[in-house]
Amino acid sequence: MTEQELTYEQAREELVAVVQKLEAGGTTLEESLALWERGEALARTCQEWLDGARARLDKVMDDTDV
Amino acid sequence: MPSLRDATAEAPAPVRAVANALAQYVDRLGTVWVEGQIAQMSRRPGLTTVFMTLRDPIADLSLSVTCSRVLLDSLNPPLVEGASVVIHAKPNLYAARGSLSLQAREIRMVGIGELLARLERRRQLLAAEGLFVQERKRSLPFLPRTIGLVTSPGSDADRDVQENARRRWPAVRFRVVKARMQGVQSAREVIEAVEALDVDPEVDVIVIARGGGSVEDLLPFSDEAVVRAVFKARTPVVSAIGHEADQPLLDLVADLRASTPTDAARRIVPDLAEESALVAQARERLRSGLRNWLDREEHALTAIRSRPAMADPRHLVDARSDEVDQLRHRARRCLGHQLDRASDDVTHQAARVAALSPLATLRRGYAVLQGADGHVVTAVGEVATGDLVSVRVADGRIATRVESTNQMSEVPDEQADA
């Protein structure tokens, strides 16, 4: 997996694509499972990005809004 | 009287002769109209003559002027130091002292109307030369490092500029160059101050500040040399001369014209509180922008994750599991049918086998003769005497040997047992 190197937008875009593919069906079980795992990993990456951004924002806010 | 040119080292002329000769020479010069500023005036009690110093407005030189007290007292408005005057005078050498002076016969105050007319002419000339054009104006820095201030220290103007600027921007730095802001020395000192500040690399803007005053008071700020010095300066110059109606030419040549010293303070430094508020506002917008973006993205991400495909991956397996169950069911059912069918067939076939079985016939006493190779013997000719044959009866076989054969002439069509 290379999701650590993905930007938030890349990860989100791929996540949407993965979910669409999963929803469209027509894949083998093995493929479906691989897609789902990929989707989970991408969702985690997105969430990490967002959490990181929010943490940085909160830190600045805490530092200055005394 | 012998000419003084005849005097020699051996026969020198006496002082009185030289003094008198000079006095006569000067006396022959006649009268002259001269313009200048009254730099100093001393009325000594008991003397009918008043001594004054008439100064050139630009060059550092002056002449003594004497004037009768009567003439002086007749002037209206009274003559004051610093006034611009036109004097009709006669040069005079006071032989007793050897001092040269101009004896004033008539003193004309340069009237306000006259002054204004001259200023207007000067303004037009300098404007024609391009000293006042807007394109030549320099813009002020947003936040000057050091502000050069030309003013008379301790004056209201000095305080107004410094205090108001400091109130707006506490860290403001001034370099004050002292200059008299009124009187005959003023123009020169202002020029020197502006030049000194202009060459200081730390000074980003120069303010010339003075409180309000009469047209005469403000004359130095319309002085041509001052105007040219300001025009020449590479540092932006702010004129902060308090006045009401008449504009000194400095206002026109300055890069920025402030209406008062207080106004100048407002123009040269930004307001810290105002700027801080702007920064705070910008920061708040920045943060809420990011926060909104985060909320939006998080919402979208949650939506994607809660789609059945992602939220409940078991259904990936479940759906297939159902399918497998169904298929298994179908397969079983299908197989069952086939088994049933096969079973029926077997029963049927068994019945047929049973129906076709010769066993019943055998039980009734018939037997089947089979050759050694197992073929059913149906004719005498198929066996020979001595052949081993097998007789199949209802419950088994009897092995025997052919003793003899006897062929009948005809074989009836009916069954042997009929």
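The model is predicted, with local features requiring pLDDT of at least 70 and side-chain atom pairs counted only at pLDDT 80 or more, whereas totals for chains, interfaces and linings use all residues. Residues are numbered from 1 along each chain as its sequence is written, and chains are lettered from A and ligands numbered from 1 in the order in which they are written.

Chain B contains 12 helices and 13 strands (DSSP runs numbered from the N terminus, helices being H or I with at least four residues and strands E with at least two). Of its 418 residues, 22% are buried (20 or more other C-beta atoms within 10 Å of the residue's own; exposed means 12 or fewer, partly exposed in between, with C-beta atoms placed from the backbone). Among the contacts in chain B with a separation of 6 or more, 62% link residues 24 or more positions apart (a contact requires C-beta atoms, placed from the backbone, within 7 Å).

B:Gln134 lies in the loop that runs between helix H3 (112-129) and strand E6 (146-151) of chain B. B:Gln134 is classed as exposed because it has 5 C-beta neighbours inside 10 Å. Its C-alpha atom is 9.2 Å from that of B:Val253, a residue 119 positions away along the chain.

Between the chains, 15 residues of chain B contact 18 residues of chain A. On the chain B side, two or more residues each come from helix H9 (272-305), helix H10 (308-311) and helix H11 (314-356). H9(B) provides the largest share, nine residues. This side of chain B comprises eight nonpolar, no polar and seven charged residues (nonpolar: Ala, Val, Leu, Ile, Met, Phe, Trp, Tyr, Cys and Pro; charged: Asp, Glu, Lys and Arg; polar: the others, Gly among them).

Terms used. Two residues are in contact if their C-beta atoms, placed from the backbone, lie within 7 Å.
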